[in-house]
Amino acid sequence: QVQLAESGGGLVQAGGSLRLSCAASGSLSAIDDMGWYRQGPGERRQLVALITRGGSTNYADSVKGRFTSSRDNAKNTVYLQMNSLKPEDTAVYYCYARISLRYGSTWYNYWGQGTQVTVSS
């Protein structure tokens, strides 16, 4: 069974930084895209950053220039470095990965359990 384990959330003051990590574990064959979504209070889940296996990235306009996503394919891990945090970045952050369980088989979307990020003003 595949699991995504997140770490690194917490409480930080505006202008501060946090680094989120997410490691995929279990019986899997390959990982395609990985990334991060977030869901604020009363809001729907929205894309924050997406990174391909080759390292190409796509960011939400609201985080461009402040957040950087990277990944270590050998460790099946994706990271999100968040700088210059703002109160409006407060949300539950979810790790995402597109995973194939066996060579040549269907790709599935997996999600982490979520980690709370709170930015105080």
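**View 1. The salt bridge between D32 and R98 in the predicted model.** D32, with a relative accessibility of 23%, counts as partly exposed, and its side chain meets that of R98 in a salt bridge with an N to O distance of 2.7 Å. In this predicted model, D32 belongs to strand β4 (residues 30–39) and R98 to strand β9 (residues 91–100), so the pair ties together parts that are 66 residues apart in sequence. R98 likewise counts as partly exposed, at 29% relative accessibility. The structure holds four salt bridges, and the pair formed by R98 and D32 is one of them.

**View 2. The salt bridge between D61 and K64.** D61 and K64 form a salt bridge in which the closest N and O atoms are 3.0 Å apart. Is D61 buried or exposed? D61 is exposed, because its relative accessible area is 65% and the threshold for that class is over 50%.

View 3. The side chains of R66 and D89 meet in a salt bridge at 2.7 Å, taken from N to O. Distant parts of the chain are linked by this pair, since R66 is placed in the loop between β6 (57–59) and β7 (67–72), whereas D89 is placed in the loop between β8 (77–82) and β9, 23 residues apart. Both partners, R66 and D89, are buried. Through salt bridges that share partners, R38, R66 and D89 are joined into one network.

**View 4. The disulfide between C22 and C95.** The count of disulfides comes to one, and the bond is formed by C22 and C95, whose sulfur atoms are 2.0 Å apart. The torsion about the S-S bond of C22 and C95 is about -80°, so the disulfide is left-handed. The pair links distant parts of the chain, with C22 in strand β3 (residues 18–25) and C95 in strand β9, 73 residues apart. C22 counts as buried at 1% relative accessibility, and C95 counts as buried at 0%. A disulfide is a covalent bond between the sulfur atoms of two cysteines.

**View 5. The largest nonpolar core, with L80, M82 and Y93.** The largest nonpolar core has 29 residues, and those with the most contacts inside this core are L80, M82 and Y93. Two or more residues come from each of the elements β3, β4, β5 (46–51), β8, β9 and β11 (115–120). Which element gives the most to this core? Strand β9 does, with five residues. In soluble globular proteins, nonpolar side chains tend to be buried together.

**View 6. The surroundings of Y93.** When neighbours within four places in sequence are left aside, Y93 is in contact with E6, L20, Y37, R38, V48, F67, L80, M82, G114, T115 and V117. Among these contacts are L80 and M82, which together with Y93 are the residues with the most contacts inside the largest nonpolar core.

**View 7. The surroundings of V48.** V48 lies in strand β5 and, at 1% relative accessibility, counts as buried. Not counting residues up to four places away in sequence, V48 touches W36, Y37, R38, N58, Y59, A60, V63, F67, L80 and Y93. The C-alpha atoms of V48 and Y94 are separated by 9.4 Å, although the two residues are 46 residues apart along the chain.

**View 8. The whole chain, as a setting for the close-up views.** Along its principal axes the C-alpha trace spans about 50 × 25 × 25 Å. Of the 121 residues, 40% count as buried, and the protein exposes about 6400 Å², of which carbon and sulfur atoms supply 44%. Among contacts between residues at least 6 apart in sequence, 56% join residues at least 24 apart.

Terms used. Residues are numbered from 1 along each chain as its sequence is written. This is a predicted model: local features need pLDDT of at least 70, side-chain atom pairs count only at pLDDT 80 or more; totals for chains, interfaces and linings use all residues. Side-chain values use heavy atoms; hydrogens and water are left out. Helices (H or I, at least four residues) and strands (E, at least two) are DSSP runs, numbered from the N terminus. Buried means under 20% relative accessible area, exposed over 50%, partly exposed in between (1.4 Å probe, protein chains only). A disulfide is a pair of cysteine sulfur atoms within 2.5 Å. Contact means heavy atoms within 4.5 Å. Accessible areas come from the Shrake-Rupley method with a 1.4 Å probe; for residues, only the protein chains shown count as cover. A nonpolar core is a set of buried Ala, Val, Leu, Ile, Met, Phe, Trp, Tyr and Cys residues joined through side-chain atoms within 4.5 Å.
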